[in-house]
Amino acid sequence: MLLTRESSGERWRIRPDGPGKVTGELAYLTDMAAPGMLHGMVLRSSYPHARIVAVSTEKAKTMPGVRAVLTCADVPGLNRFGIAHPDHPVFCEDRVRFIGDAIAAVAADTALQAAEALKRIEVEYEPLPIVDDPEAALLEGAPQLHEQGNVQHRNDYRHGDPEAGFAACAHIVEETYATPRQMHTYMETEGGLFIPERNGRLTVYSPTQHAFMDRMQLARILDRPEADIRVVSSPIGGSFGGKDELNVQPYGALLALATGKPVKLHNSRWESVRAGLKRHPMKIRMKTGTDAGGKLLAHRVSIVSDAGPYSTLSAEVLNFSVEHALGPYRFGAAEVKSVCVFTNNGMSGEFRGFGGNQAVFAMEGQLDRLAEKLGMDPWELRRINLRKPDDPGPLGQPISATDGVRQVWEALGESRLWRERERARSANAGRRAEVGAGAKEADATSTGGGPAAVEPPPWIKTGYGAAFVMHGAGLGVGIPDPAGGRLRLAQDGRIEAVFGYEEFGQGLIASLEQMLIEQYGFAADDLRIVIGDSDVVPNSGSSTASRSTSMMWQSLRRLRAPFKGKLRAEAARLLGRPAESVKPLAGGVRDAGTGELLLTYAELASRAEEEIAAETSFFYPTSPVDRVGSHFMYSYSSVAVKAEVNTLTGRVRLLDQFHAVAAGPVVNPQGYLGQIEGGSGMALGFTITEDAVMDRGVYLTRNLDTYLVPTIAELRGACEVLPIEELPEGDEHGPRGIGELGSVGLAPAIAQAIFEAVGKRVAKLPVDPQLLQERVGFG
Amino acid sequence: MIDNTWTERTAGARLECEVNGRPVSLDVAPSARLLTVLREELGLTGTKRSCEIGRCGACMVMVDGKPINSCLTMAYQVSGSRITTIEGLASEAELHPVQQCFLEEGGYQCGYCTPGMIVSVTAMLEHNPNPTMEEIEEAMSGNLCRCTGYGGILRSIARAIETGGQSNDCR
């Protein structure tokens, strides 16, 4: 059944954070202010690559209102950050490697004074040659950006003998795919408030996807114990991976400690563009071959990824791309070579889909091209090559087996949209045979309940396309991936669910509340959700990699017996009744038979002998192999689209979409639908308009006038989402995570729809309208 | 005679206007934008700062019933005007019907674009209670949402239209 508000019935709930969001009352961390607060700003590099000859802050320090001007000399600890590989300077010492590199920071009484002071910091540069092309950066003689050279990371994979495989192929397709420097474009730019407390501690109010990671990194920079830092990290006005790494936090923390006053930073959009992460632009070459019947015999992949100047999670993203460039298919032999390269371009890093978006665009493009050569339906070609439930994962690793592949493959064929395609194809065939009214009628019935189709003008061409996604969740083998949480009956009688996760819009608080209501029988009013504060939450791991809903579900499963058992035992003791005769449910502990309320949670809390609480801690399940980054749990999706090409303008419009998603149970219907629709909207931008354009290391795109994220006009078409919840009997892993999946499959599906519409292959994103413009004769 | 013109200019002028039904009288710098006055002087942080070039709509407020980007509006331009921000839509007792529709349909995720989005929808429906899809596109293309893909927003708008925007059905 399609996921809608109506089909969800009472499971469709109002989010607990909703009222604050629709009234504007919810204060984001960048909305905060403190008495006597200063304003912080960062001086960033004037050049994409230069030697710093000298920095003088003397004039800036004498400017009115200026309270501190800091440089690398003022960093007490490690002058570097980076989640996995700390090589990103907080303040550059002797060299800048990109246009967003920080050199100094200022705190002043007003933002205007801080901005004026930045202009008075004198930096003498000696420009160096720019490396703005990852392939050129690998050539001998290219300027080297780091001691280790320009290679940030390599990852190769091979099974079987690809040469022999290609020799046996009847059809071979070779293509080079290129993907854009997509920007997360969270509506709330980076920022926060940094408060030095009277007791010597530092409180950081700033969005991140993993408060404990920020705390660890800040402790390393500030050279003070982690316990002296409190990170308050939610709510967040969007992140999509972009706020996973530190951004303004080092500057806010250093300025607050240097001045002894609260400091606020809030990036302008240009500052955000300039310094922030983007999706890795990748160039992916693929050579893929089949036998005469369409069986995949050999697959060879080469990936070049543009890391920009520093590492963050570039290596991990590349590993993910390698895995997903193989996808859900069985190849006779496969070989992947990949390299991530340092350049003087903007910072690339973690972004929803995590390298899967680029790889799947290429992989699915290969199958569509092969289907054309074979004269076979592209969806049928996928069927004969898809993995079976018990097959190993893409890298040969054991994975959690589900029937997701078959489920989403079949669901697509049965969808309204794909049936419409079948009808449109037979109608076209019929029309070619004889131009008649029957064909028109068939078209008119095929618009999915919309108004009857009007014959479009001849320059409008429509087509259908589909793509398959198998997306790994969790951080993967070799990366610490802790999970857990705590339930506790607080003194005021609220049941507190305490988790170290972050709310950046995905609906995590709502999902947690919904699970506690549905699985524990509590009422919303019994609950208090506590997240996003490193002083009070356990380390539940990061809110990334489509993992937090899975991990909350598993935590609650582990906590259910111990926590409810303790509530029950203490209530029974207080009531002088046998434990079996009472049940903790909505409102309090009730008579197990009649449901009569015997003891409210407030009464239980005030009378309990000791605190009633339970905690669990475990790790995200991983595959028992050594290959770093290999995944164990996967979500599956098939995506169908109908798109239209205007051959006069070359513009592509998405008209209709269908997503089948096999990822285990739907925890929160509204959140699930929103994640797929929202992910897909982001994928539309990746496909048709979004690219943060750089020229010789300088951003030409500075704001949202030239960086075009889809508007309501681009996304007004239908979007059907079909969740497939069924898991194999005895499966213990529950929901698989759907936070990223929706952002992956749309691009290749649209590329195929374009091909069906106008016969042109798209290999570079975003789609260049020039490619699709036709010469029109006006004679 | 001492010419005070320049001093007066740089010291700013008195801004008199009405914000969410309450009279406001403030000294503001001539260069102050309405967005800054709302957020920093009046503490109305429901109006959001995002692109600051009038492209994203996160800072949308109503000035005399018309939706405008407060980031592009100088404070002096609203002298004598009636300004409604997101904080001014709900009554003491209940949400505005458009807010209620967004709440029930899930027309938001991170919520950062939501105040501006709701202000634009409210302004649209006040002028045109039954807009066509083309009119919705036109009225809402200045409000960007990065989370929802607009599905929940379109359903919220449809519901608000269905229930008459001003009726109690969505409460």
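Modeller: Start with the rule for pairing: two strands count as paired if DSSP finds at least two bridges between them. This is a predicted model.

Biologist: Which strands of chain A make up the open sheet, and in what order?

Modeller: Five strands, in the order E9-E17-E16-E15-E10 of chain A. The pairing is mixed.

Biologist: Why are strands E9 and E10 of chain A said to stand at the edges?

Modeller: Count the partners. E9(A), residues 151-159, has a single partner strand, and so has E10(A), residues 171-178. One side of each is therefore left without a neighbour in the sheet. From one strand to the next, the twist averages 5 degrees.

Biologist: How do you know that E9(A) and E17(A) pair?

Modeller: The cut-off is at least two bridges. E9(A) and E17(A), the latter residues 333-342, are joined by eight. They count as paired, and they run antiparallel.

Biologist: Which helix lies across E10 and E15 of chain A, and at what angle to E10(A) does it run?

Modeller: Helix H11 of chain A, residues 356-374. The helix runs at about 145 degrees to E10(A), and strand E15(A) spans 282-290.

Biologist: What makes Thr185(A) stand out in its phi?

Modeller: Phi is near 55 degrees. That is a positive value, and the residue is not glycine. Thr185(A) sits in the loop between E10 and strand E11 (191-196) of chain A.

Biologist: Is Thr185(A) buried or exposed, and how do you know?

Modeller: Set the count against the cut-off. Buried needs 20 or more other C-beta atoms within 10 Å. Thr185(A) has 27, so Thr185(A) is buried.

Biologist: What is the phi of Tyr150(B)?

Modeller: Near 70 degrees, again a positive value in a residue other than glycine. Tyr150(B) lies in the loop between H5 and H6 of chain B.

Biologist: Does Tyr150(B) count as buried or exposed, and why?

Modeller: The threshold for buried is 20 or more. Tyr150(B) has 27 C-beta neighbours inside 10 Å, so Tyr150(B) counts as buried.

Biologist: What kind of peptide bond joins Leu765(A) and Pro766(A)?

Modeller: A cis bond, with omega about -10 degrees. Pro766(A) falls in the loop between helix H20 (746-758) and helix H21 (769-772) of chain A.

Biologist: How do you know that domain 1 and domain 2 of chain B touch?

Modeller: Contact requires C-beta atoms within 7 Å. Across this boundary, 14 residues of domain 1 of chain B are in contact with twelve residues of domain 2 of chain B. Strands E3 (60-63) and E4 (66-69) of chain B each give two or more residues to the domain 1 side. E3(B) gives the most, three residues. By class, that side holds eight nonpolar, four polar and two charged residues.

Biologist: How is chain A divided into domains?

Modeller: Into domain 1 (29-128 + 184-275), domain 2 (134-182 + 279-364), domain 3 (399-475 + 626-772) and domain 4 (482-619).

Biologist: How many residues of domain 1 of chain A are in contact with domain 3 of chain A?

Modeller: Nine, and they meet eleven residues of domain 3 of chain A. The domain 1 side has five nonpolar, two polar and two charged residues. The C-alpha centres of these domains lie 39 Å apart.

Biologist: What does UniProt list for residues 23-129 of chain A?

Modeller: An unreviewed entry there gives "domain: Aldehyde oxidase/xanthine dehydrogenase a/b hammerhead". In the model this span is 13% helix and 36% strand, and its end C-alpha atoms lie 52 Å apart.

Conventions
Residues are numbered from 1 along each chain as its sequence is written. Chains are lettered from A and ligands numbered from 1 in the order in which they are written. This is a predicted model: local features need pLDDT of at least 70, side-chain atom pairs count only at pLDDT 80 or more; totals for chains, interfaces and linings use all residues. UniProt positions are given in the numbering used here, feature names are shortened, and annotations may be inferred rather than shown by experiment. Helices (H or I, at least four residues) and strands (E, at least two) are DSSP runs, numbered from the N terminus. Axes are lines fitted to C-alpha atoms, for helices over the stretch in contact, and angles run from 0 to 180 degrees between N-to-C directions. Two residues are in contact if their C-beta atoms, placed from the backbone, lie within 7 Å. Ala, Val, Leu, Ile, Met, Phe, Trp, Tyr, Cys and Pro count as nonpolar, Asp, Glu, Lys and Arg as charged, and the others, Gly among them, as polar. A residue is buried if 20 or more other C-beta atoms lie within 10 Å of its own, exposed if 12 or fewer, and partly exposed in between; C-beta atoms are placed from the backbone. Domain bounds come from an automatic or database domain assignment.
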